[in-house]
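Dear colleague,

Here is the structure for your files. My notes on what was found follow below it.

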Amino acid sequence: MRTRTGRPTFQLDAKRLKSVREEAKLTQAQVAQRAHELLKKPLATADTATKHYQKIERTGRTSQAMADALAKALNTTVNVLQGNAPDKGPSLIESLERQFRHQLETGASPVLQEALAQEALAQRGDPDPDPVRTFAEEVAKRIEYMQLGPPRDELARLVELTGWTEAELMRPMSIDGHWFVMSTIHGVRRSEIVLGADHVPHWIQYSIQDDWPDFPGGSIWSDCVITMREELPWLHVEVQSPSIPALRNTFSFVRCSPTPSGLHWTNPSWRDRFWLDDSLRKWAFTHANFVVGFDGQRVPSDMRALRLLIERPDHDDDEQLAVVKGNLEELSDDVIDNFKGEGQHDLVVSWIASGLWEAVKPLLHDWPADQWHVKSDTCIVDTCIVISLDDSIRWKDWSGRGAPPPSVGYRLRLVEQLDDGKFRRVPWRRSSVELIAERLRKRLSEEAERNRASKAPQAALPPA
């Protein structure tokens, strides 16, 4: 067998790389040329360099040196090109910060000096290590609010404070971004403008609670489906109960840019999608048991592949201890079909959980049952069950020197087992998680009661 050798590869997020390049309004050839110049590498031909870059943008694979060069060429960081969290609209904040520092150095703005002095006075007990940067962030948000409908007095104050003209202050710029959001339920529409992509899911949640106070609890919501779809520039989220067609709520939202002629709809940027998609996914995964993402994939796709995964949390890599299938294989197709409309998801998970206690009990035997606590929790994007040892035991023998003792506990997740044997996270609404958590609490309580009964002194039998 031939073994491929060569320089070790460095992985970038290909989709993110393309988005950042397009945002910078650079062609693939321009980025390729800049990167090779930064690397001080001679170009065979411009066409060769462009083809090399196209391959990187298609696969994400490159070298560490080229990744560094691409980040510099695109005025970003390698961390961002790998798909990690970007800064929110850094350009406006940094422009304001540079402007403020220049004004302070030249003494050109007594108004700015007075404003900073007032901020320092307000924070007298807890001084800011970088007051100019903090003030730039606050003013940037004021500008963004002002652009929706500029009151003359606020616009005049910002002109005096920043040293920029009215035209400069009204240029399209964004920190959080304006979003026009609209809900439709029973034919009635509501709309509002919110600031920040991460506030869109909050608006959706509050709107649903106004219309359906019991959402997402109750058996009628067990099989609720949250569907996300895009018709750019618009994005849509639909919440539907399959058993009651009337229980349906549709939300539509679009990025909007304030202009002198009014609000204009625009496509969301890759930064917007990073914050928006992540927030929506987390909200959907904790409020429904079925989710269809913007990619059109339904999760879970196969109810029979659902499993309960028991893990030992670790900072570096969670350790998988057991996989619980329960009695799921015993369910016939007819039984699965009969579940429809009657809380199918909760019933199936209940069948899986029938074998949960037998898998969990051996992990807890080192400590008394009444020293373990069970709670439902949110883990990254999904909900889970956390079983933790009472903190009083954890700290009991610690002298206060050296590293504190590690916490002792386990985590239970609902996952779907794929054809290759790997697991992927699936939605699990909080009220459904709580049903299984309460079952575990009951088993621990029964175990603790048996332990107490076995240790209780037995009454002496009367003489015969």
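The largest nonpolar core has 62 residues, and those with the most contacts inside it are Trp179, Ile204, Val237, Phe253, Leu356, Ile385 and Ile387. Helix α17 (residues 430-455) gives the largest share of this core, six residues. A second, separate core has 21 residues, among them Tyr53, Ile56, Ala67 and Val78. Please keep in mind that this is a predicted model.

Of its 464 residues, 41% count as buried. The accessible surface comes to about 26100 Å², and carbon and sulfur atoms hold 51% of that. Among contacts with a separation of 6 or more, 63% are between residues 24 or more positions apart.

Next, helix α1. This helix spans residues 14-23, and its buried residues are Ala14, Arg16, Leu17, Ser19, Val20 and Arg21. They pack against α2 (28-39), α3 (46-59), α5 (78-81) and α12 (270-287). The N-terminal end of α1 is capped by aspartate 13, with a side-chain oxygen 3.1 Å from the backbone nitrogen of lysine 15.

Lysine 25 has a relative accessible area of 72%, so it counts as exposed, the cut-off being over 50%. Asparagine 75 also has a positive phi, near 55 degrees, and is in the loop between α4 (64-73) and α5. Its relative accessible area is 73%, so asparagine 75 is exposed as well.

There are also cis peptide bonds to report. The bond from leucine 232 to proline 233 is cis, with omega near 10 degrees; proline 233 sits in the loop between β5 (225-231) and β6 (234-240). The bond from valine 299 to proline 300 is cis too, with omega near -5 degrees, and proline 300 is in the loop between β10 (298-299) and β11 (306-312).

Lastly, the cysteines. The count of disulfides is zero. Cysteine 224 is buried because its relative accessibility is 0%, and cysteine 256 is buried with a relative accessibility of 0%.

Regards

Key: Residues are numbered from 1 along each chain as its sequence is written. This is a predicted model: local features need pLDDT of at least 70, side-chain atom pairs count only at pLDDT 80 or more; totals for chains, interfaces and linings use all residues. Side-chain values use heavy atoms; hydrogens and water are left out. Buried means under 20% relative accessible area, exposed over 50%, partly exposed in between (1.4 Å probe, protein chains only). Helices (H or I, at least four residues) and strands (E, at least two) are DSSP runs, numbered from the N terminus. Contact means heavy atoms within 4.5 Å. A polar contact is a pair of N or O atoms within 3.5 Å; within protein, one must be able to donate a hydrogen and the other to accept it, and residues adjacent in sequence count only if both atoms are side-chain atoms. Accessible areas come from the Shrake-Rupley method with a 1.4 Å probe; for residues, only the protein chains shown count as cover. A nonpolar core is a set of buried Ala, Val, Leu, Ile, Met, Phe, Trp, Tyr and Cys residues joined through side-chain atoms within 4.5 Å. A disulfide is a pair of cysteine sulfur atoms within 2.5 Å.
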